[in-house]
Protein chains: 2
Amino acid sequence: MIAVETVSIKNLYRHVGEEVTLQGWLYNLRSSGKIFFLIIRDGSGIVQGVLVKKETSTETWEKAKQLTQESSLRVRGVVREEPRSPGGFEIQLTDLEIIGIAEPYPISLKEHGVDFLAERRHLWIRTPRQSAILRIRAGIEHASRVFFHERDFILADAPIITPAACEGTTTLFEIDYHGEKAFLSQSGQLYNEANAMALGRMYCFGPTFRAEKSKTRRHLMEFWMLEAEAAFFDFEDNMRLQEDLVYHIVSHVLQHHRADLDILKRDIGRLEAIKLPFPRISYTDAVELLNSKGIEFKWGDDFGAPDETAISDHFDSPVFVHHFPVGIKAFYFKPDPDNPEVVLGADLLAPEGYGEIIGGGQRLDDLKLLEQRIEEHGLPQEAFEWYVDLRRYGTVPHSGFGLGIERTVSWLCGIEHIRETIPFPRTLYRIYP
Amino acid sequence: MIAVETVSIKNLYRHVGEEVTLQGWLYNLRSSGKIFFLIIRDGSGIVQGVLVKKETSTETWEKAKQLTQESSLRVRGVVREEPRSPGGFEIQLTDLEIIGIAEPYPISLKEHGVDFLAERRHLWIRTPRQSAILRIRAGIEHASRVFFHERDFILADAPIITPAACEGTTTLFEIDYHGEKAFLSQSGQLYNEANAMALGRMYCFGPTFRAEKSKTRRHLMEFWMLEAEAAFFDFEDNMRLQEDLVYHIVSHVLQHHRADLDILKRDIGRLEAIKLPFPRISYTDAVELLNSKGIEFKWGDDFGAPDETAISDHFDSPVFVHHFPVGIKAFYFKPDPDNPEVVLGADLLAPEGYGEIIGGGQRLDDLKLLEQRIEEHGLPQEAFEWYVDLRRYGTVPHSGFGLGIERTVSWLCGIEHIRETIPFPRTLYRIYP
């Protein structure tokens with residue numbers, strides 16, 4: 001079988017001096033007349049193949065001449081270390097087999113407009129930069145799961161089709177569920193709380209949806225959230241878990257995706273500067289900080305993106321902003337016993353202006369107060385009956401959080417727009433392809 | 001912090017002879033007048049706590065008397081091996097702290113009707129049987145990811161909101177996407193193929209949706225699929241990957257979920273009997289087999305659940321049925337070069353009548369034939385332009401498959417109805433809670 005005998009570009013370092021077979025696509029071809037330089041990609045990385053006319057058969061040389069960008073091919077050759085080559089290795093080609101000649105490729109090596117590329121996202125993802133981002137995304141997702149698995153958190157998938165709204169229905173996608181009105185989930189949290197009462201510690205990871213009519217570089221209509229919820233975890237346990245998770249993710253990416261970060265020209269120093277424990281600042285102190293910088297901001301308001309950037313600019317590591325006013329947080333947050341005007345909730349802001357990547361906190365575990373909050377927020381009691389049940393039957397202190405994968409990918413990759421962080425982004429005016 | 005000092009029930013075996021603190025909920029309480037037997041659950045397992053009146057303070061004894069089913073509590077005591085106890089350990093209690101007394105619990109230890117339980121799914125998942133199933137589900141999901149990670153498959157999340165339909169629109173949930181008609185995905189496959197051309201080998205794992213008006217014990221409206229797609233993989237590579245995956249999952253569950261399988265009273269012998277390689281039978285031979293058993297079945301028809309059971313009953317391991325007629329498979333299957341009436345597609349049927357758990361095959365990589373198939377199937381050319389592009393630019397042989405998580409959970413847990421395999425099932429008439 002083809003697949004068994006071949007090696008991946010990312011594993012070439014194990015085969016220095018050996019003759020190997022590679023399969024992939026041609027990313028670029030240069031020629032000096034006597035030598036062809038083939039940049040080959042196989043999804044795991046890119047490598048330069050060198051084909052020397054006088055050392056090869058006429059037949060192979062003629063095949064190389066036919067190659068167009070993105071043609072698929074199989075090559076054979078000896079692996080050499082070559083620090084000047086992308087990836088640090090090179091292949092001295094001895095044989096070349098064409099699998100499929102590509103028609104003239106629409107995405108050339110020059111710059112293209114964003115709409116042009118978005119329309120061709122199925123091809124755009126083949127470019128070194130986009131596939132590096134997707135590999136880092138996969139690395140972040142993998143690292144997260146390993147983190148939770150090692151800490152005995154049980155994966156429990158939250159439902160996507162939901163009857164009630166977590167935080168109002170104006171930003172929900174509605175669907176017709178066999179004649180009944182239903183919505184696409186914005187968060188698994190309420191279900192996570194039920195699962196945490198059954199499983200102790202749990203996490204979920206799935207798509208969430210927000211039908212916002214906004215077009216910013218930080219928002220998608222469909223995005224993936226990693227959420228965790230743990231019984232008997234308080235506000236402090238929760239923040240410690242979050243910083244350990246984020247630190248683990250950063251370390252994983254630095255360790256396993258150096259080549260991808262190089263492709264992205266990411267300033268690695270900024271990631272290496274991140275230290276545990278993460279700094280913490282109360283909402284009230286953050287307001288004071290903003291005001292001291294001449295930024296007008298009133299206690300009780302919610303931060304906008306520029307405010308978040310101004311705050312996080314003060315720190316090298318991600319920073320927790322904690323103890324938000326009751327009024328700007330959802331009904332399920334537990335008030336601070338020492339000051340019921342604020343809640344035991346914290347957001348984690350990424351450095352370098354990437355904004356909030358985590359929102360979380362300790363949940364209301366008191367039956368009476370929860371019922372009161374549901375009423376105050378004008379939410380339909382009946383839809384939340386099951387959620388209130390969690391306080392009727394064996395209530396315990398519990399906490400949780402949600403990490404936005406796409407924002408985390410943006411930050412670690414150091415990219416400007418969130419649309420590049422997911423294979424097929426869903427934006428306000430685009431669901432094709 | 002509370003969480004740091006306590007141990008999980010699943011880890012009690014590491015603390016025999018030691019005094020430990022546990023947190024959880026009371027599942028059941030029995031008393032002899034002089035001794036209380038508390039069955040405690042914490043999400044990781046269940047354990048019996050023994051509280052002896054003459055060895056405890058009056059205060060602790062009085063607290064135990066107040067406990068109701070599902071009350072939350074913290075206990076302290078010495079761990080003992082006790083083969084007769086559930087889980088094999090017992091705790092000699094020395095102290096007991098009530099966290100929250102539960103109101104009279106609606107789910108008692110007697111039998112309840114299915115509708116009664118479904119309406120209380122948020123509480124039903126706390127019972128030992130349901131949480132064992134959910135832990136096994138998590139184990140299957142974890143094992144799958146480890147499997148793909150070790151084989152250098154890159155996770156690439158497929159979009160949920162899609163413009164076109166993979167296989168007709170009659171069973172799709174429709175949504176209003178900012179004024180544009182869109183659908184919830186039934187499969188990530190077409191996108192997976194694009195991702196495989198960018199990343200080489202990829203997998204995705206997410207929810208998929210089918211708006212079927214049917215009510216069977218094998219179908220949910222919302223279910224999770226593990227899908228893989230690999231460039232340069234042929235039909236054989238693909239089947240080998242599938243059997244390795246399923247074998248890996250079965251082994252993982254047998255190794256790490258013995259206590260959960262015990263709770264479910266699963267016949268472990270049937271799982272231990274599974275061997276590699278899995279048996280294979282062609283569709284044509286399977287038809288003959290059915291006919292030889294007196295089951296009427298015409299070549300060219302699709303198997304129903306009873307047919308699948310009759311076929312799989314012949315084998316101890318999951319069985320591949322391969323080379324289906326072109327007419328009953330989707331447009332993207334590659335025809336067998338030796339016999340274009342059949343395709344290079346295979347279904348994997350689980351033993352014990354659990355039916356199809358995997359569908360997969362080699363994809364059409366020929367541009368002209370793909371365009372022809374799209375026309376033959378009456379599909380909108382325009383919507384599939386991007387998919388056809390994958391054959392215009394560097395087409396390669398490639399294959400993939402999709403494994404239904406809920407069916408796999410049903411089979412490994414040995415349970416009758418698929419609604420118990422996911423925390424919050426979405427069935428024809430129920431989306432609450």
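Where is the place of B:S71 in chain B? Point 2 takes that up, after a word on the model.

1. Before anything else: this is a predicted model, where local features need pLDDT of at least 70, side-chain atom pairs count only at pLDDT 80 or more, and totals for chains, interfaces and linings use all residues. Residues are numbered from 1 along each chain as its sequence is written, chains are lettered from A in the order in which they are written, and side-chain values use heavy atoms, with hydrogens and water left out.

2. Back to B:S71. It sits in the loop between α2 (58–66) and β4 (72–81) of chain B; helices (H or I, at least four residues) and strands (E, at least two) are DSSP runs, numbered from the N terminus. B:S71 has a relative accessible area of 0%, so it is buried (buried is under 20% relative accessible area, exposed over 50%, partly exposed in between, with a 1.4 Å probe and protein chains only).

3. Who are its neighbours? Leaving aside residues up to four places away in sequence, B:S71 touches A:G394 from chain A, along with B:G24, B:W25, B:L26, B:G100, B:I101 and B:A102. Contact here means heavy atoms within 4.5 Å. The side chain of B:S71 also makes a polar contact with the side chain of B:T68, at 2.7 Å. A polar contact is a pair of N or O atoms within 3.5 Å; within protein, one must be able to donate a hydrogen and the other to accept it, and residues adjacent in sequence count only if both atoms are side-chain atoms.

4. Now the interface. In chain A, 107 residues are in contact with 107 residues of chain B. The two chains bury about 8,300 Å² between them, 63% of it on carbon and sulfur atoms; buried area is the accessible area (1.4 Å probe) that two parts lose on being put together, summed over both. A:F232, A:Y393 and A:I431 supply 10% of what chain A buries against chain B, more than any other three residues.

5. On the polar side, chains A and B share 38 residue pairs in polar contact, both residues at pLDDT 80 or more. A:D152 forms a salt bridge with B:K10, their closest N and O atoms being 3.1 Å apart.

Conventions: Salt bridge = Lys/Arg side-chain N within 4 Å of Asp/Glu carboxyl O.
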